[in-house]
Amino acid sequence: MPAPTSDDSALRAIVYSRGSLQLLDQRKLPHETTYLPANDHETCWTLIKEMAVRGAPAIAVSAALSVAVELHNAAAFPTAAAVRDFVVACMNHLYTSRPTAVNLGEACTRLKGTVESAAAVPGATAEHVKEAVIADAEAYQREDLASCLAIGENGAKALCDAVASRNGGMCPTQIRVMTICNTGALATAGHGTALGVVRTLHASGKLAKCVALETRPWLQGARLTAFELAHEGMPRTLIADSAAAFLMARGEVDACVVGADRIAQNGDTANKIGTYALAIAAKRHGVPFFVAAPTTTVDLNIASGKEIEIEERGSEELTHVRGTMVAASNVPTWNPVFDVTPSDLIEGIITDRGVGWNNGGVVDMKSLLSGTTS
Ligand code: MRU
């Protein structure tokens with residue numbers, strides 16, 4: 001099977017070749033396109049922590065590839081066990097860089113499993129074990145892109161079906177889609193999750209417009225999503241987060257689709273702060289609200305969203321814009337950067353393996369992943 005590809009004109013957050021990893025510095029967008037080397041796990045840890053690279057899948061892919069590059073460039077290891085111990089230590093450290101997105105933990109667990117299995121093979125050499133880890137990190141990147149392309153297809157159909165069901169079975173020729181944060185090529189290995197759905201709709205002529213919320217306080221929507229939409233010539237409008245409900249009230253939104261950082265067994269979804277408010281507004285106005293994410297974002301170890309750790313970041317993200325203080329001084333702040341949307345507000349969760357539909361207020365992710373629902 002040929003390797004999946006994304007639109008070549010899409011921006012690339014991650015530029016990898018054997019022995020080299022470069023990450024697009026997303027803190028500088030949209031003004032500057034600068035790539036930073038991330039050829040070892042310590043550097044990658046810092047770039048993730050400081051949000052040079054961000055977005056749940058992109059963080060996980062970057063972490064895996066940084067270790068692959070470090071291994072490739074390292075001096076010879078004396079034994080297979082030495083490679084194993086090194087990779088396990090790297091993954092344990094990378095895991096601490098950001099807490100909410102499950103994809104990072106999933107990638108770390110996967111690579112640890114790979115290195116442990118490879119090192120346990122009788123007679124395994126250090127070179128064999130290195131190669132197993134590097135190959136798996138590279139496969140992880142390819143799989144993320146393939147997932148995003150599948151999400152795009154599944155999501156475009158799901159959104160059209162949901163809009164049609166509210167229009168007497170007819171889907172308008174083109175639909176108006178609202179999204180929050182950045183979930184595009186910049187947040188993934190390519191194409192995107194929620195923005196991948198938008199991209200696929202656009203490619204098939206079904207997108208009337210994408211409305212991007214600016215996404216305070218880090219402005220992923222204004223700086224990154226708007227940039228991606230403009231870069232690909234998709235019809236677009238940028239609005240303040242607080243304008244979303246009013247636009248829905250005017251009947252100008254057909255569907256919402258957002259990304260996810262962690263999805264619990266029951267479909268409760270952690271995503272960028274503001275997602276919960278958007279879901280409430282969508283419910284109030286009868287707008288179908290979808291989550292789009294790869295199956296690597298599903299955490300079957302947790303029953304509900306109550307168990308999700310929510311990252312809180314420094315006050316400066318709230319009080320300053322590009323280094324300039326915009327808030328009054330001496331004001332205590334609270335800056336949670338994710339929230340949890342309860343599954344009863346979600347019409348469906350779009351994944352690479354299909355769509356989990358809301359059934360009685362929950363989206364049963366276990367059944368979706370085991371293939372027992374469509
Ligand atoms: O804090 P960020 O920018 O890393 O936030 C992650 C996100 O972009 C999301 O919340 C997103 O919707 C899921 S990642 C495709």
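Student: What makes up the shell around the ligand, by class?

Tutor: In this predicted model, the shell has seven nonpolar, eight polar and three charged residues. Gly counts as polar here, and G259 is one of the closest residues, along with R54, A56, A187 and K272.

Student: Which elements each supply at least two residues of that shell?

Tutor: Those are helix α2 (56-73) and strand β9 (269-272).

Student: Why are the buried residues of α3 said to line one face of the helix?

Tutor: The buried residues are A80, V83, R84, F86, V87, C90, M91 and L94. Down the axis of α3 they fall within an arc of 165 degrees, so they line one face.

Student: What makes a residue such as F86 count as buried?

Tutor: The cut-off is 20 or more other C-beta atoms within 10 Å of its own. F86 is listed as buried, so it meets that cut-off.

Student: And which helices do the buried residues of α3 pack against?

Tutor: They pack against α1 (41-49), α2, α4 (102-120) and α5 (126-165).

Student: Where does pLDDT stay under 50?

Tutor: Over residues 1-10, for which the model has 13 contacts beyond four places in sequence. For the protein chain, the mean pLDDT is 94, and 97% of residues reach 70 or more.

Note on methods
Residues are numbered from 1 along each chain as its sequence is written. This is a predicted model: local features need pLDDT of at least 70, side-chain atom pairs count only at pLDDT 80 or more; totals for chains, interfaces and linings use all residues. pLDDT is the predictor's confidence in each residue, from 0 to 100. Two residues are in contact if their C-beta atoms, placed from the backbone, lie within 7 Å. A residue is near a molecule or strand if its C-beta atom, placed from the backbone, lies within 6 Å of it. Helices (H or I, at least four residues) and strands (E, at least two) are DSSP runs, numbered from the N terminus. A residue is buried if 20 or more other C-beta atoms lie within 10 Å of its own, exposed if 12 or fewer, and partly exposed in between; C-beta atoms are placed from the backbone. The arc is that of the directions from the helix axis to the C-beta atoms.
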